[in-house]
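Dear colleague,

Please find below the structure that I am handing over to you. The sequence and the model come first, and my findings follow.

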Amino acid sequence: MRIGTLKLSYAADESLFDTKVQWVWLALLAVSLVLLPFVAGPYWIYMACLVAINVASATGLNILTGYTGLVSLGQAAFMGVGAYTVAVLEIRVGTPFFINLLVAGAMTASVGVIVGIPSLRVKGLYLAIATIGASMILHFVFAHWELTGGTRGLSMPPAHFFGIALDQPHKLYWLIMPVTALMVLGAANLFRTRVGRAFIAIRDRDISAEVLGIPLLQTKLTSFALSSFYAGVAGGLWAYFFRVVTPESFPLINSIFYLAAIIVGGMGTILGGILGAAFMTLVPEVLKLVVGWLTPWVPDALSLLAPIRTIVFGALIVGFLIFEPQGLAEIWQRIRRFFHLWPFRT
Amino acid sequence: MMDWLYVTEVALAGLGAGALYALTGVAFVLIYKATRVVNLAIGEILMLGGYVFFGLVAGAGLPLWAAIPLTILAGAALGAVVERALIRPMLGESPISVFMVTIGLGSILAGVVELAWGADPLRLPEFIPNTPIFLGEAYVAPKVAYGALVAALLIAVAVAALRFSRGGVALRATARDQGAAYSMGIDVGRVFSLSWMAACATAAGAGVIVGAIGGISPTMGIFGLSVLVVVIVGGLDSVAGALVGGLLIGLVEALAGSFLGGEYKLLATFSLLILILMIRPYGIFGTHEIERL
């Protein structure tokens, strides 16, 4: 049983984890992620890649919404900017993928800063609505600019790594998973720095933060830029993964999906972004399985899949907000506490 | 040289559609005024109204005079249930959380409608007279004209109720100052319930008209996005703003749609939305809230 953590230095206070055991678990997780492509089937590798992409994007949104308190419903459109940048670079220029991903991130970050400018004047709901407007306008650009291939979109060649074409999920896994891991690690460490702390101060009370000497506009725009950078890189990975980018790939409902993912996971925690994105990506697959089992008894079960998915999606958002507003991360903490205090308090 | 007759006809059609936006906008404002909830599910509630009407007329074979009041009653019942089950527990939570709850509710309603009636668009039975209507020389589609007329009538009823009825006064008092209203013996909880019932009933009624004009489909909820623009432009807590905003957005959509092309409709309205948010975030008639530490 553990009764508390004694911290003797500031370094210990701001470290990522408060016990050594957690580092052991993290190492185990890393090893299992490395081993996964050798033991899992193609379907599971495909799902792992998809989860990783969504984790990257959700973590980006978490920086903006969970930590800075600026609600955005434009994450999917930002991913679209990244995906189109990667596709255009891959088709027209043919630069290596890491340059493409970085350019996609930078490009999306600058778009994000422009979209974030209204955050100077409006916040909360109004900002969320402004980002809906921005994503509508971005959609229009995707569908009507020659460079983005209009409504037909773009088909692109696979990424190449020293002459090896990364065209299968089990090869792309080695691109997607490390990039996502790096980005999540970066986000976790961001909140140990001055900028990250400033984000949290703005979330808790922006006027007070300004009184304390945090430049509001600059910090809010930094948050927008960082969050859209994540979205852009995630969008770039998405483009390499599916290799067809169309305006319909990034509808408004996907932005709601990412916001739902961080709500379900737990806003303002790195673990929440990971858990939420994984959970929300896997739930439709589980539903597909359940509906598959029902097919012998319910003849047209497959046609019911789409509406059931919509209902479950909505019910998850509503249910978590009403009954578990801190999300899965809080449930995880509760489980941890249980084991820490066992057997004295159950 | 522009064809002024054509412009007038387009503008009239836009104003007709705008009347429906205004009606749904009033429903939105009713909820926002009383409970400070931004209800993004208003489009889906409207859709459900259209489908319930379809179910009553085409499924159960009820006559019109019975189906319309029943649809509106169903809307009111839905409003009461939603307020009790989903919004009341969120009392005191951050506005964003409540906003997300209504997004979730919209998703649930859209799924339920698709589950019950299928994903294909349906046509409501014809009940609006279709003799052509001319205002001066300009032709107005009869469905749009009658739809706008009914919408205007409903708006008048809603405004009068808000102004003169006991419930309306209670609602306005609650909107002004909840604490004071409570100490004057107004049951604030019941006002919340009442505002949701009235708004959802209005939205369901609007759904019948919208469905009669353009047919019903599970994607009809997109109407809610335009209504969101309407109320932001007009001011979230202003009935007059909803009216002006509704007509304005209807007009802008119709003009952009016929002179630039259908795909420019959303672009035009959302550009207007961002412009308004930049210049006057609280809308044309909205209350400018001052934040203090």
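In what follows, a residue is called buried if 20 or more other C-beta atoms lie within 10 Å of its own. By that criterion, buried residues make up 44% of the 346 residues in chain A. Please bear in mind throughout that this is a predicted model.

Chain A

Chain A contains 14 helices and four strands. Its radius of gyration is 21 Å, close to the 20 Å that the globule rule gives for 346 residues, so chain A is as compact as a globular protein of that length. Along the principal axes, the C-alpha atoms of chain A fill a box of roughly 60 × 55 × 45 Å. If one takes the contacts in chain A between residues at least 6 apart in sequence, 76% of them join residues at least 24 apart.

One helix of chain A deserves a description of its own. Helix α7 of chain A, residues 169–190, has 22 residues. From its first C-alpha to its last, α7(A) reaches 30 Å, close to the 32 Å expected at 1.5 Å a residue. The buried residues of α7(A) include A:Leu172, A:Tyr173, A:Leu175, A:Ile176, A:Met177 and A:Val179. Further along α7(A), A:Thr180, A:Met183, A:Val184 and A:Ala187 are buried as well.

Chain B

Chain B has 11 helices and two strands, and along the sequence these follow the pattern α-α-α-α-β-β-α-α-α-α-α-α-α. Buried residues account for 53% of the 293 residues in chain B. A compact globule with 293 residues would have a radius of gyration near 19 Å, and chain B, with 19 Å, agrees. The C-alpha atoms of chain B fill a box of roughly 60 × 50 × 35 Å along the principal axes. Among contacts in chain B between residues at least 6 apart in sequence, 78% join residues at least 24 apart.

How many of the residues of α9(B) are buried? The count is 12 of its 12 residues, among them B:Phe223, B:Leu228 and B:Ile232. What covers these buried residues includes α6 (125–144) of chain A, together with α1, α2, α8, α10 and α11 of chain B. After α9(B) comes B:Gly235, whose phi is positive, near 110 degrees.

The contact between the chains

The contact takes 34 residues from chain B and 33 residues from chain A. On the side of chain B that touches chain A, the elements that give two or more residues are α4 (95–117), α9 (223–234) and α11 (264–279) of chain B. Of these, α4(B) gives the most, with 17 residues. By class, this side of chain B has 26 nonpolar, six polar and two charged residues.

The nonpolar core

In soluble globular proteins, nonpolar side chains tend to be buried together. Here, the largest nonpolar core has 206 residues. Which residues have the most contacts inside this core? They are A:Ile176 and B:Ala151. A:Ile176 belongs to the buried residues of α7(A) described above. Leaving aside residues up to four places away in sequence, B:Ala151 touches B:Ala19, B:Leu20, B:Ala22, B:Leu23, B:Ala206 and B:Ile209.

With kind regards

Notes:
Residues numbered from 1 in each chain as written. Chains lettered and ligands numbered in written order. Predicted model: local features only at pLDDT ≥ 70, side-chain atom pairs only at ≥ 80, totals over all residues. Expected span 1.5 Å × (residues − 1). Rg over C-alpha atoms; globule rule 2.2 N^0.38 Å. Contact = placed C-beta atoms within 7 Å. Core = buried A, V, L, I, M, F, W, Y, C linked by C-beta atoms within 7 Å. Nonpolar A, V, L, I, M, F, W, Y, C, P; charged D, E, K, R; others polar.
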